[in-house]
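Me: I would like to go through this structure by question and answer. Please keep it brisk.

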Amino acid sequence: MSPLSGASAPLATNTLHSLTPDALLDRLAASGLRGRGGGWFEAARKWRAVRVEGGEPIVIANGAEGEPGSYKDRFVMLRRPDDVIAGLVLAARAVGAREAVVFLKGSFDRPAAALSRAIATARLDGLSVEVRRGDDGYVTGEETAVLEALEGRKPWPRPKPPLPAAVGLRGRPTLVQNVETLARVASALADPQAYRSGETALVTVWGDVRRPGVHEVPLGTALRGVIDEHAGGATEPVGLVFPGGPAGMPLRPSDLDLPLDPESLRAKGTALGTGAILVVGESACPLAVAASVAGFFEREHCSQCPPCAVGTASLARILRAIESGGSRPRDLRDLSDVAGFMSGHGYCAHCRTAAAVATGMARGFADAVEAHLGGGCPWPERRHPDPFAPGSPERAAVEAAVQEQLR
Ligand code: SF4
């Protein structure tokens, strides 16, 4: 069963609209649908948390995709806008909302047009839906930053608790749900058991692969199979694979038989996140890739938490210095001190994740770090890519490939 490619639906959409909120929540729980915004949190628990608050809840479809290399949400919004809106209407019915907002990045003109058309023709059951746009910043997609943006303030994450389920948009209980998750809702509710047994992941494979782009793969497919069968294989022997963008530790070639599912990757100390799978060939210097990760965190913080603003800049400076030969003897100790100072801080996960990934990579590539100390890259033949930088060749290639897929 392929929830995004037209599954058979034992319960027709019309029937779903006549179910009670409790019946919808029970079916959603039975399907096991998990959120696809990066956390893989069980959707039914999130919906129930909003419903029990009562009051006047609101539902937000979060389409502010911003993970470098990830295009799967834009893919869904352009290919399946009707499914996104159908899921939004059913979510609103389940939590008791009469208002909904679709929130997008400012540059997402085509998704905005596609979703507006879908809203115009959808069965809304009295739900009021508006499409709103924010800026293009990475952190703008964080769910409480979305709330701030919609309230007219800087799109900065809020301290938690309270969670949006209790105190969300304009103080009301709010369900913020990723657009891909919503696109799966009707299918999951129509046949919960079939959905559960045939669950897929929509991933964007990019970097050193022959066929970058968005691919729908059965959950549990070996990472090697995703790369070889769906993305056309690597263009050179694999050096590293980031299974979920820069917010998780990279895997080694020896890990390629791991199944692609959130639990297996978590057990391995990394994360599936939004499934932006970056493949890096072995001709790339791992220190350059670590510096690219650190540069991403430095560039994309929102600056409101000093440990994050100062710490991400320090991590990036130290890793760049090690990569280029300008390191000092105390740099490794500083790296660990800075990460210690950052961990446990910040209003969102950016600060903690930056610390964990930067130091994790330095530890995981201790031999490479040692070889670089004081003298820069000891492998003159290796490439020094910066894949996470805006406009990098890797990002440009996957963007072009997805545009082609969407033609
Ligand atoms: S942790 Fe970083 S990105 Fe998150 S709110 Fe604080 S400064 Fe912004």
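This is a predicted model: local features need pLDDT of at least 70, side-chain atom pairs count only at pLDDT 80 or more; totals for chains, interfaces and linings use all residues.

Me: Is helix H7 largely enclosed or largely open?
Reply: H7 covers residues 143–150. Seven of its eight residues are buried, among them Val146, Leu147 and Glu148. So the rest of the structure leaves H7 largely enclosed.

Me: Which strands do the buried residues of H7 pack against?
Reply: The buried set includes Thr144 and Leu150. Its packing partners are strands S1 (58–63), S2 (99–104), S3 (128–133) and S4 (174–178).

Me: Which residue with a positive phi follows H7?
Reply: The phi in question is near 85°. It belongs to Gly152.

Me: How many residues separate Tyr138 and Phe296?
Reply: The count of aromatic pairs is four. Tyr138 and Phe296 form one that is edge-to-face, at 4.9 Å centre to centre and 75° between the planes. Tyr138 lies in the loop between S3 and H7, and Phe296 in helix H12; they are 158 residues apart.

Me: Why does Tyr138 count as buried?
Reply: Buried means under 20% relative accessible area. Tyr138 is therefore buried, with a value of 19%.

Me: What is the relative accessible area of Phe296?
Reply: Phe296 is linked by ring pairs into a cluster with Tyr138 and Phe297. Phe296 is buried, and its relative accessible area is 1%.

Me: Which residue has its charged end over the ring of Trp379?
Reply: The charged end sits 4.1 Å from the ring centre. It belongs to Arg382.

Key: Residues are numbered from 1 along each chain as its sequence is written. Side-chain values use heavy atoms; hydrogens and water are left out. Buried means under 20% relative accessible area, exposed over 50%, partly exposed in between (1.4 Å probe, protein chains only). Helices (H or I, at least four residues) and strands (E, at least two) are DSSP runs, numbered from the N terminus. Contact means heavy atoms within 4.5 Å. Rings of Phe, Tyr and Trp (its six-membered ring) pair if their centres lie within 6.5 Å; planes under 30 degrees apart count as stacked, over 60 as edge-to-face and the rest as tilted. A charge sits over a ring if NZ of Lys or CZ of Arg is within 6 Å of the ring centre and within 35 degrees of the ring normal.
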